[in-house]
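Colleague: Please take me through this model. I want to know what stands behind each label.

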Amino acid sequence: MRANSNTDNEQLLALIDGAIAEAEAVIQPKSIWRIFDCEVTENALLIGDVKFESRRLAENLRGCRRVAVLGATLGTQGDGLLRKYSGESAKLMTMQAVLTAKIEELCDGVQADIERECGCKTRQRYSPGYYDLDIKEQKTLFSLLDITKRCGITLTDSFQMIPTKSVTAFAGIEDNDEQ
């Protein structure tokens with residue numbers, strides 16, 4: 001696979017291509033998602049009796065009556081690659097960039113699956129830790145999805161996810177009349 005780039009620096013392209021190939025050979029992507037009915041107020045998202053307070057999340061979801069809650073990870077192998085290159089800054093930065101692109105691709109694919117399976121359009125993802133949505137909300141989001149059991153993602157005491165190349169997010173679902 002050839003890196004898509006505007007550079008003709010063969011050494012850089014080889015470094016990127018090598019990181020892509022190495023990552024694709026070992027990562028084990030997993031994901032989960034569920035659709036919930038919701039209510040959006042001026043400052044919060046309500047899923048049943050669970051309240052996520054965030055004015056920015058509410059703005060993102062305004063008009064939605066359903067929300068997708070998703071989790072995705074590249075697995076522990078991604079963290080292994082980052083440890084492997086921890087003493088080699090160029091390779092580490094390249095692998096970090098490749099894995100970041102891979103988790104974004106995975107999340108984009110999850111949203112595409114949701115749209116295809118539910119016949120809907122989803123909005124931009126919004127995750128705990130963005131703006132005014134407290135990172136501590138990870139714990140509540142994890143419980144909605146049973147994400148540790150289903151994807152192997154765990155939370156540290158500071159609410160960071162392990163494996164590190166993992167994402168949780170909300171994606172508003174637009175009703176057919178909004179499309």
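Modeller: What follows goes through the labels in turn, each set against its definition.

Colleague: What should I know before reading any values?

Modeller: This is a predicted model, where local features need pLDDT of at least 70 and side-chain atom pairs count only at pLDDT 80 or more, while totals for chains, interfaces and linings use all residues. Residues are numbered from 1 along each chain as its sequence is written, and side-chain values use heavy atoms, with hydrogens and water left out.

Colleague: How many helices and strands are there in the protein?

Modeller: The protein has 6 helices and 9 strands. Helices (H or I, at least four residues) and strands (E, at least two) are DSSP runs, numbered from the N terminus. The C-alpha atoms fill a box of roughly 50 × 40 × 25 Å along the principal axes.

Colleague: What share of the residues in the protein is buried?

Modeller: Of the 179 residues, 44% are buried. Buried means under 20% relative accessible area, exposed over 50%, and partly exposed in between (1.4 Å probe, protein chains only).

Colleague: Why are H3 and H4 called roughly antiparallel?

Modeller: Helix H3 (residues 76-84) and helix H4 (residues 89-118) pack at about 160 degrees, with their axes 9 Å apart. Axes are lines fitted to C-alpha atoms, for helices over the stretch in contact, and angles run from 0 to 180 degrees between N-to-C directions. Angles under 35 degrees count as roughly parallel, over 145 as roughly antiparallel, 65 to 115 as roughly perpendicular, and the rest as oblique. H3 and H4 are therefore roughly antiparallel.

Colleague: Which residues make the contact of H3 and H4?

Modeller: H3 brings Gly78, Leu81 and Leu82, and H4 brings Leu92, Met95, Gln96 and Leu99. Contact means heavy atoms within 4.5 Å. By class, these residues are 5 nonpolar, 2 polar and no charged. Ala, Val, Leu, Ile, Met, Phe, Trp, Tyr, Cys and Pro count as nonpolar, Asp, Glu, Lys and Arg as charged, and the others, Gly among them, as polar.

Colleague: What puts the buried residues of H3 on the same side?

Modeller: Gly78, Asp79, Leu81 and Leu82 are buried in H3. They cover an arc of only 155 degrees around the axis, so they sit on the same side of H3. The arc is that of the directions from the helix axis to the C-beta atoms. On the other side of H3, Thr76, Arg83 and Lys84 are exposed. The buried residues pack against helix H1 (10-26), H4 and strand E8 (161-162).

Colleague: How do you know whether Gln138 is buried or exposed?

Modeller: Gln138 has 2% relative accessibility, so Gln138 counts as buried. Gln138 is in helix H5 (residues 137-145). Leaving aside neighbours within four places in sequence, Gln138 is in contact with Pro128, Leu155, Phe159, Met161 and Thr168.

Colleague: What makes Asp146 worth a mark?

Modeller: Asp146 has a positive phi of about 55 degrees although it is not a glycine. Most residues other than glycine have a negative phi, and most peptide bonds are trans. Asp146 is in the loop between H5 and helix H6 (147-151). At 34% relative accessibility, Asp146 counts as partly exposed.

Colleague: Where does Phe159 lie?

Modeller: Phe159 is in the loop between strand E7 (154-155) and E8. Its phi is near 70 degrees, a positive value in a residue other than glycine.

Colleague: What kind of peptide bond joins Ile162 and Pro163?

Modeller: That bond is cis, with omega about 0 degrees. Pro163 is in the loop between E8 and strand E9 (166-174).
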